[in-house]
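Please find below a colleague's note on the model under review.

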Amino acid sequence: MNTGSTNVDDTFRERTVFVAGGTSGINLAIAHGFARRGARVFVMSRSQDKVDAAVAELRGTAAAAAGYAADVRDYAAVEAAITACRDTFGTIDVLVSGAAGNFVSPAAQLSANGFRTVVDIDLVGTFHVCRAAYEHLTRPGASIINISATQAINPMPGQAHVCAAKAGIDALTKVLAIEWGPAGVRVNAIAPGPVDETEGMARLTPTAAHRDRVLQAIPLRRYARLQEIADTAAFLSGPAGANFNGAVLVCDGGQSTLGSGAFAAAWAEAEAAST
Ligand code: NAP
Ligand code: COA
């Protein structure tokens with residue numbers, strides 16, 4: 001990943017950032033964003049190889065970097081990862097929960113286990129990460145960022161499992177904001193629309209035709225850039241974001257302002273053209 005090695009500022013110097021699912025794509029970009037702002041970063045995902053590669057990469061910019069291999073569906077493993085972070089770097093100032101799974105499948109062909117798998121990773125996993133970390137968060141002052149998606153508010157064909165899971169994340173985010181706000185722990189979410197150079201969009205728009213049609217359903221006619229999501233996470237967790245709590249920040253070039261119809265139609269048209 002091209003990270004740009006120069007530091008943006010030192011807003012997060014002496015701060016610890018834990019990123020669940022932080023070994024590739026958007027979440028790794030978020031980890032780099034905090035690293036470039038002076039933070040210590042700790043990443044967690046299933047694959048030890050991906051954890052090792054991400055940590056090696058992050059050591060190029062972060063004040064310090066470490067990681068742990070765990071599956072967000074396994075609460076004991078998540079607890080162990082959080083404990084490892086706490087033992088290595090102290091209390092956690094910023095917690096990012098972004099592990100997710102996605103594939104396209106019409107609901108009528110989706111097995112019960114397929115539906116459950118995505119809900120378990122995205123929604124139950126987010127609860128696991130937030131719950132396990134809660135007692136280890138710096139308070140007052142901690143910031144939790146859950147990674148949602150515009151599928152939470154825009155129903156999309158082939159995405160029943162993802163839409164349900166991400167809508168659950170938005171609801172969970174708001175409840176935790178109410179319960180944990182008084183302790184000085186802010187809980188917000190970022191809901192990206194399509195983001196360039198990601199596994200998610202490789203799965204959702206596998207061909208140039210998909211991409212071209214989907215672009216027509218985005219008022220800005222472009223996908224988000226990785227760094228824009230990373231900068232949004234840093235903004236929400238930094239001084240300028242200090243009064244955000246229970247917010248879901250949509251970053252989608254205006255896609256969701258058109259409602260689900262335009263995006264769903266563009267995508268369905270591309271599917272039909274590709275078969
Ligand atoms: P990605 O590169 O595939 O990132 C997913 C990350 O989660 C990886 O680090 C993966 O590592 C980890 N992960 C997956 N299952 C896990 C599990 N069970 N336990 C622990 N870690 C797990 O995907 P991405 O496209 O960048 O998406 C990142 C986040 O952004 C997701 O929450 C996604 O829903 C959201 N999002 C993406 C887009 C987009 O355009 N791509 C749009 C809206 C929202 P391992 O394989 O090592 O586990
Ligand atoms: N279409 C329909 N069902 C699918 C599917 C697809 N493309 N891919 C997986 N499934 C189903 C499987 O058939 C299985 O159900 P079954 O037991 O009834 O057959 C269920 O989902 C679980 O699949 P499995 O491969 O065992 O899950 P896993 O835990 O190993 O992997 C996934 C989880 C399926 C989400 C996998 O794609 C993954 O690891 N994704 C992470 C990366 C990612 O999705 N990035 C984008 C994030 S936006």
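The points below concern helices and backbone geometry.

1. This is a predicted model, in which local features need pLDDT of at least 70 and side-chain atom pairs count only at pLDDT 80 or more, while totals for chains, interfaces and linings use all residues. Residues are numbered from 1 along each chain as its sequence is written, chains are lettered from A and ligands numbered from 1 in the order in which they are written, and side-chain values use heavy atoms, leaving out hydrogens and water.

2. Helices (H or I, at least four residues) and strands (E, at least two) are DSSP runs, numbered from the N terminus. The buried residues of helix H9 (residues 259–274) are Phe263, Ala264, Ala266, Trp267 and Ala270; buried means under 20% relative accessible area, exposed over 50% and partly exposed in between (1.4 Å probe, protein chains only).

3. In H3, Tyr75, Val78, Glu79 and Ile82 meet His128, Val129, Arg131, Ala132 and Ala133 in H4.

4. The peptide bond from Arg139 to Pro140 is cis, with omega near -5°. Pro140 is placed in the loop between H4 and strand E5 (142–147).

5. Glu14, a residue other than glycine, has a positive phi near 65° and is found in the segment before strand E1 (16–20). Glu14 counts as exposed, at 54% relative accessibility.

Notes: Contact = heavy atoms within 4.5 Å.
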